[in-house]
Amino acid sequence: MAQKVDIYALISEKLGCEHKNPEDLSSLALAFIGDAVYELVLRSKVISDFNRSVKELNYFGSALAKAPTQSEIIKKLIEEEMLSETELAIFKRGRNAKSNTSAKNATIGEYRDATGFEALIGHLYLEGNTDRIIELSDYGFNFVIAKHGNPKDIKK
């Protein structure tokens with residue numbers, strides 16, 4: 001059995017950073033770190049599954065990271081009842097956070113869903129729940145690929 005890895009604790013320890021409790025941070029701060037964590041997981045998946053040029057890898061990564069795709073993923077996770085009550089509450093708190101920015105190519109609803117999804121990923125990361133991040137992300141990637149086919153077929 002693989003050893004459980006808490007990436008946040010490792011980074012915090014090695015860099016001498018204060019370990020933050022996710023409950024002490026705003027939803028938008030959780031989404032900020034969650035965006036980066038999700039991007040790392042997503043890029044790891046893309047480089048593993050698609051042996052392509054860097055240009056195509058970037059396109060695939062962008063297609064899977066955009067707000068409308070994240071919105072699809074979180075809606076499917078909710079529909080399939082894959083989130084705990086706590087996770088659903090974290091998502092809703094993130095979705096309802098007031099942000100002064102919006103995505104260029106997404107509706108307000110899609111952007112809010114994506115913010116909630118990223119807040120959930122950020123919360124899980126700060127809790128050290130890497131396994132759950134990977135579980136939810138992998139389910140989402142598989143759902144999107146099954147629905148749209150190749151990531152290049154996801155509309156811009």
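**Ground rules.** The model is predicted, so I took local features only at pLDDT of at least 70 and side-chain atom pairs only at pLDDT 80 or more, while totals for chains, interfaces and linings use all residues. Residues are numbered from 1 along each chain as its sequence is written, and side-chain values use heavy atoms, with hydrogens and water left out.

**Overall.** I looked up the secondary structure and found seven helices and zero strands (DSSP runs, helices H or I of at least four residues, strands E of at least two, numbered from the N terminus). The C-alpha trace spans about 40 × 35 × 30 Å along its principal axes. Of the 156 residues, 40% count as buried (under 20% relative accessible area, 1.4 Å probe, protein chains only; exposed is over 50%, partly exposed in between).

**H5 and H6.** I checked how H5 packs on helix H6 (residues 108-127): the angle is about 130 degrees and the axes are 7 Å apart (lines fitted to C-alpha atoms over the stretch in contact, angles from 0 to 180 degrees between N-to-C directions).

**Leu83.** I found Leu83 in the loop between helix H4 (67-79) and helix H5 (85-95). Leu83 counts as buried because its relative accessibility is 14%. Beyond its neighbours within four places in sequence, Leu83 has contacts (heavy atoms within 4.5 Å) that include Ile74, Leu88, Leu120 and Arg132. I also noted that Leu83 and Ile121, 38 residues apart in sequence, are 12 Å apart in space, C-alpha to C-alpha.
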